[in-house]
Amino acid sequence: KLTVVSEAMHGMNHSVVSEFVFLELTNSWEIQLLLFVFSFLFYFASMMGNLIIVFTVTLDANLHSPMYFFLANLSVIDMAFCSITAPKMISDIFKRHKAISFGPCITQIFFSHVVGGTEMLLLIAMAFDRYVAICKPLHYLTTMSPQMCLFFLVTSWTIGLIHSVTQLVFVVDLPFCGPNVLDSFYCDLPRFLRLACTDTQELELMVTINSGLTSVGSFVLLVVSYIFILFNVWEHSSGGSSKALSTLSAHSTVVVLFFGPLMFFYTWPSATSHLDKYLAIFDAVLTPFLNPAIYTLRNKEMKVAMKRLCSGLGHYRKIS
Ligand SMILES: *[C@@H]1O[C@H](CO)[C@@H](O)[C@H](O)[C@H]1NC(C)=O
């Protein structure tokens with residue numbers, strides 16, 4: 001009988017909190033307007049820029065190489081990543097009561113970790129691709145075969161999924177009995193855990209290890225491999241090295257700007273400062289914009305392909 005009562009109470013507890021409320025970032029109307037304009041513009045630019053990359057790579061046969069396939073896949077991931085949190089955040093900015101119910105909140109956490117984990121692994125695959133292209137150019141075509149690329153892609157998504165599921169199975173059943181205020185603009189796991197009305201210290205440690213160590217680990221791995229490639233380029237400095245260096249610097253810029261905020265969120269002991277929240281906005285709408293910005297502005301092949309695509313479309317319009 002006692003278990004029935006406790007189960008009933010557990011169920012009741014669970015239903016006490018049916019939604020979570022996001023705290024306002026600021027009271028100032030001007031700053032809200034600024035945030036709105038900034039987020040809206042960058043969200044729009046991210047989606048457009050990444051779409052253009054996907055179209056260009058898909059339609060231009062000259063860009064059908066592993067590096068550009070990975071880049072297009074990264075663009076798809078970036079579009080998904082900023083669409084998980086940004087639309088709700090943008091439409092919430094001027095609302096007095098910013099709420100999200102339990103289901104959508106869990107969904108946000110789930111997908112942001114799937115997509116984030118996959119992006120990390122894809123960046124590692126891209127580093128490996130650059131390593132083979134620069135250090136083992138003669139084996140490039142055999143090593144980075146279409147099957148190998150597909151293998152990298154499937155593995156990235158699988159591990160991203162596993163990473164997210166292993167965290168969420170411990171979280172979906174947590175009892176919430178209030179308070180229900182999340183000091184954020186989307187459901188992030190560390191803050192979500194702190195609202196549960198049981199002791200979540202072990203869970204928080206698990207998240208720090210799972211998300212924190214994975215991001216720090218991948219980051220260190222990437223930095224080391226880029227340094228390794230760089231040394232190789234310097235040793236065998238030849239005609240192609242400046243091009244290699246430019247793609248390499250583009251890759252590493254993306255890596256630093258993607259991992260910087262992530263590592264801060266998941267490993268900082270009590271990340272509840274304001275800086276943290278502004279960094280989260282940065283991560284949500286600005287990082288996805290980096291790929292198109294960096295790759296299209298600095299990459300000659302990409303620019304040429306885009307021009308070709310544009311003139312091709314113009315030509316097509318004239319004919320039809
Ligand atoms: C993603 O990568 C795979 C494997 O290289 C490729 O076949 C596919 O076309 C890529 N996706 C996009 C959108 O380019």
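**View 1. Phe-38 and Phe-42 sit together in helix α2 (residues 29–59), four residues apart, about one turn of the helix.** Helices here are DSSP runs of H or I with at least four residues, numbered from the N terminus. This is a predicted model, in which local features need pLDDT of at least 70, side-chain atom pairs count only at pLDDT 80 or more, and totals for chains, interfaces and linings use all residues. Residues are numbered from 1 along each chain as its sequence is written, and side-chain values use heavy atoms, leaving out hydrogens and water. Phe-38 is partly exposed at 32% relative accessible area, and Phe-42 is partly exposed too, at 22% (buried is under 20%, exposed over 50%, partly exposed in between, with a 1.4 Å probe and protein chains only).

**View 2. Here we meet the pair formed by Phe-70 and Phe-152.** Their ring centres are 6.3 Å apart and their planes stand at 70°, so the pair is edge-to-face (rings of Phe, Tyr and Trp, its six-membered ring, pair if their centres lie within 6.5 Å; planes under 30 degrees apart are stacked, over 60 edge-to-face, the rest tilted). Because Phe-70 belongs to helix α3 and Phe-152 to helix α6, the pair ties together parts 82 residues apart in sequence. Phe-70 is buried, at 2% relative accessible area, and Phe-152 is buried as well, at 17%.

**View 3. Stepping back, we find Phe-70 and Phe-152 in a cluster of rings.** Ring pairs also link Phe-128, Tyr-131, Phe-151 and Phe-228 into this cluster. The structure as a whole holds 18 aromatic pairs. Another of them is Phe-38 with Phe-42, a tilted pair with 4.9 Å centre to centre and 50° between the planes.

Definitions and conventions: Helix = DSSP H or I, 4+ residues; strand = E, 2+ residues; numbered from the N terminus.
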